[in-house]
Structure formats: structure tokens, C-alpha cells
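Here's a quick tour of a few local features worth a look. Have the model open as you read.

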Amino acid sequence: MNNLDKRSLSRTQGMTLTAVVAALYAAVTMMIAPIGFGPVQLRLSEGLNHLAAWNKRYILALSLGVLIANLVSPMGWIDWVFGTLDTVIMTSLTYYLTRKIASPLLKILISTVSVLTVGMAILAAEFTFAFAINASGSFAPDHAGSIMANWLSYYLMLVPGEFASLVVGGVVIYALSKFVDLSK
């Protein structure tokens, strides 16, 4: 096989992996759609965010998966734009913070911190914005208060479900990393 054929095969494999991860993210989210949206959510597909610690292709894959899944979001365009942008930012951060780290456990730990801090902060801001503009499908915070109080309220509602999803995903990705080279 010549170099052109190898590059073409590698590009095809990369595109295929991107499509498979995007489809898997969207499918898992839509399977549990009622609990995968809103300020109190359990979106098990979020456990796939750990993949970004191994290869930057997963930034695109996860972002496409989020965009596809959010097409059925009750918040509509707000979730399409800000939910997808959130994923681009937090998975990019994960990739850049972990690209020189070899330990799978450390990669997963850094990914978890990145998602729970930056990712959930952006998502809480999205919910705060949606409620502030009285967007269709927006969710009222659990109390009346300032914008910062509402943001904090949403943030504290989002973190437990996200943490559970990241723990489940972390176990699966860790086990997978023992058998599959996720960096390729």
C-alpha cells in the first residue's frame, strides 16, 4: 500500500470514528430524552466527553453529537447554539490540558474537572439567559433572585447528574483504553 492509500485510509477511518461517536452521543441522549434535557438532567452520553482527552477528532465528534441531540431540545435554537458551543469549548480545553499526559486515570480526572467547571458554568449561563429572555422551553430557577443567584442555582442543579454521567463514562472509557488505542 503506498503512502497516498494509507493517508486516504487513515482519513476515512478518522471520519468514520467521528461519525460513529457523534451518532452514539445523539442516540444515547435521545433514548433518554425526557431526562437528558433541562437544569436537572442525566445525560449519560456526556460520559463520552472523556474521549477528547485522547484525540482532537472527538471534539468535532462530540460537538456534532450534541448539535444533533439538541435538535429535539425544548429550548430550541438556544440549545443548538450555546449547547454546541459549550461542548466545543470544554472538549477543546480537555484536549489541550491532557494532550501530553499518558495516564488514562489522570486524563479522565482532568476531563471531569474541565466538564464540571467550565462546561457546567457555560450551561448554567445558557439556562440563565434563556429564562431571562423568557425563551420558549426555558426552565424557571428554583427561586427568584438576581442573575448570579439564578446562575448558581442552575449550576448546582446541573452538576450532580453530570458528575454521575462522567463517572459512568469514565469507567467505560478507562476500561476501553486498556484494550483500544483511543489516540489513533
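## An exposed loop residue

N134 counts as exposed, since its relative accessibility is 65% and the cut-off for that class is over 50%. This is a predicted model, by the way. You'll find N134 in the loop between α4 and α5 (147–177).

Its backbone deserves a glance too. Most residues other than glycine have a negative phi. N134 is not a glycine, yet its phi is positive, near 55°.

## How α3 meets α4

Two packed helices are described by the angle between their axes and the distance between the axes. For helix α3 (residues 77–98) and helix α4 (residues 104–132), the axes come within 9 Å and cross at roughly 155°. Angles over 145 degrees count as roughly antiparallel, so that is how α3 runs relative to α4. The crossing of α3 past α4 is right-handed.

Who makes the contact? On the α3 side the residues include W77, F82, I89, M90, L93 and L97, while α4 brings, among them, I110, V115, V118, I122, L123 and F129. Sorted by class, the contact of α3 with α4 has 14 nonpolar, 6 polar and 4 charged residues.

Is I108 buried or exposed? I108 is buried, because its relative accessible area is 10%, and buried means under 20%.

Leaving aside residues up to four places away in sequence, I108 touches H50, W54, G170 and Y174. Take Y174: its C-alpha atom is separated from that of I108 by 7.7 Å, although the two are 66 residues apart along the chain.

Key
Residues numbered from 1 in each chain as written. Predicted model: local features only at pLDDT ≥ 70, side-chain atom pairs only at ≥ 80, totals over all residues. Heavy atoms only, no water. Axes fitted to C-alpha atoms, helices over the stretch in contact; angles between N-to-C directions. Helix = DSSP H or I, 4+ residues; strand = E, 2+ residues; numbered from the N terminus. Parallel < 35°, antiparallel > 145°, perpendicular 65-115°, else oblique. Left-handed = near helix turned anticlockwise from the far one by under 90°. Contact = heavy atoms within 4.5 Å. Nonpolar A, V, L, I, M, F, W, Y, C, P; charged D, E, K, R; others polar. Buried < 20%, exposed > 50% of the residue type's maximum accessible area, 1.4 Å probe, protein only.
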